[in-house]
Amino acid sequence: MSLYGMMRTGSSGMNAQASRLSTVADNIANAGTTGYKGASTEFSSLLLPSVSGNYNSGAVQTDIRYGISNQGALQYTSSSTDLAINGNGFFVVEDSSGIPYMTRAGSFVPNGAGELVNAGGYKLLGYPYTTDDPTPVVNGYAGLEPVKIASDGLVATGSTLGSFLANLNASADPIDPALLPSDVSDETTQYTHKTSIKAFDTLGNEVLYDVYFSKTADNTWQMGIFNAAGRNETTGSFPYGADSLVVPQIDIEFDPVTGKLTDASQADAVVVLPGADNGGIVPNMKEMTLDFSDLTQLNYDFTIRAEVNGNAPSEVEKIQVADDGIVYAQYKNGDLLPMYRLAMATVQSPDQLRVISGNVYAQSNDSGIVILGFPGANGMGSIVSGALENSTVDIAEELTRMIESQRTYTANSKVFQTGSDLMDVLVNLKR
């Protein structure tokens, strides 16, 4: 081989090991960086054409790779805004210019405006909760906005929706039709089951409704809803005052085989309580839909579970983040109000993402397009609140690589030095 080629190959080897040492230095420096993914240097040979009896030395090429798809260990903290991802996916964040990126660094704290910002200065993005549940834009960042958890003072939200899961006892005896609850009721009124639900008007006042279920025949029931403000103080139920009947008696029928409501009764069991501006009897009350379509009739005791939205006036005490990415504001009165739902992004080849300062990533030509979704859906990981994802760097492994690179660099320098010495001998032959 030529002496020049020998020196060139030695120089190439030194450059390659210098690149490897650079990645080792970066990894060690970022061993404590939240969500950092270790870099590695991969080598490939570069061969030059050779002729018989004459070998032309080539070189070594390097390629820097990041193990972005590797999961770091989770470290638990005492802050509810410290977030980690258990599984695939990335948080969606934006810089001060509003450009979106992806990251696994979830050390978020509120800034002066109440927006959640991580250690790199990137704002966490999510879909705001409005009247409807948010839905993701699969192939873009439209609809996302910075998650803001600052309290704007006292907040009261009127109730608009309630959902119920209940079982009516199939073995209960039917009620005499003459004694069923009605608009004109007295102490002789009878019913099979009773429950009360709490709602809120637009000023945050609690409004109680009494719900009665009365069995009229096999697989047939009546349901009526009264304003609890009109109930008799002595009996705690009937007789009610005038105009206390909010929803007239509804006949519902159950399938005798499955114990579920028939199709027609499922539609009838979704009732709308009129608001104050359209005939409602409760001042400041919004129109509210109560969904009883999941009622069952099984041979079991009366059980009920209810969820009604809205809240009384209260200040935000703290923030809770569920594993499905819903950000709740917890008020001092204990109520939880969904504010945002965090978006989660992924690509077909995470290890090919473009790495940017601040421990964030951007789409590249080789990574594939960005796909958005919600935590826990479509292969996305779940959110762990009060935890951070540690760096994937193994210090012992990095020190081993450093020693290997140091010795290999020295060996390549010896090759270069030998070629230089032989070049001196060649140059001085004529002397």
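This is a predicted model: local features need pLDDT of at least 70, side-chain atom pairs count only at pLDDT 80 or more; totals for chains, interfaces and linings use all residues.

Mentor: Start with helix α3, which covers residues 395-427.

Ile395 belongs to helix α3. Its relative accessible area is 37%, so Ile395 is partly exposed. Ile395 also takes part in a nonpolar surface patch, together with Ile28, Leu399 and Met402. Helix α3 is its main contributor, with 3 residues.

Now turn to the charged residues of the helix. Glu398 and Arg401 are both in α3, 3 residues apart, which is about one turn of the helix. They form a salt bridge, with 3.3 Å between the closest N and O atoms. Is Glu398 buried or exposed? Glu398 has a relative accessible area of 4%, under the 20% limit, so it counts as buried.

Arg20 is buried, because its relative accessible area is 16%. Glu404 has 40% relative accessibility, so it is partly exposed.

How many salt bridges are there by this rule? The count comes to 9. Among the residues involved, Lys37, Arg104 and Glu389 are linked in a network. Another pair is Lys123 with Glu115, whose closest N and O atoms are 3.2 Å apart. Lys123 is partly exposed, because its relative accessibility is 22%. Glu115 has a relative accessible area of 15%, so it is buried.

Lys123 brings us to the strands, since strand β9 spans residues 123-128. Strand β9 pairs with strand β24 (residues 336-342). The pairing is antiparallel, over 3 bridges. Within it, Gly126 stands opposite Leu342 of β24.

Strand β24 has another partner, β23 (residues 326-331). These two run antiparallel as well, joined by 5 bridges. Here Ala329 has Leu337 of β24 as its bridge partner. The strands β23 and β24 form a hairpin with 4 residues between them. In that hairpin, Gly334 takes a positive phi near 95 degrees.

Finish with Gln297. It is placed in strand β19, residues 296-298. Its relative accessibility is 6%, so Gln297 counts as buried. What is Gln297 in contact with, leaving aside its neighbours within four places in sequence? The list holds Asn167, Leu168, Ala170, Lys215, Asn219, Trp221, Phe254 and Gly259. Two of these deserve a further word. Asn167 is 130 residues away along the chain, yet the C-alpha atoms of Gln297 and Asn167 are separated by 5.5 Å. With Trp221, the Gln297 side chain makes a side-chain polar contact of 2.8 Å.

To recap the helix: α3 gives 3 residues to the nonpolar patch.

Terms used. Residues are numbered from 1 along each chain as its sequence is written. Side-chain values use heavy atoms; hydrogens and water are left out. Buried means under 20% relative accessible area, exposed over 50%, partly exposed in between (1.4 Å probe, protein chains only). Contact means heavy atoms within 4.5 Å. A polar contact is a pair of N or O atoms within 3.5 Å; within protein, one must be able to donate a hydrogen and the other to accept it, and residues adjacent in sequence count only if both atoms are side-chain atoms. Patches are made of residues with over 30% relative accessible area and no salt bridge: like charges are joined within 9 Å, nonpolar side chains (Val, Leu, Ile, Met, Phe, Trp, Tyr) within 5 Å. Accessible areas come from the Shrake-Rupley method with a 1.4 Å probe; for residues, only the protein chains shown count as cover. A salt bridge is a side-chain nitrogen of Lys or Arg within 4 Å of a carboxyl oxygen of Asp or Glu. Two strands pair if DSSP finds at least two bridges between them.
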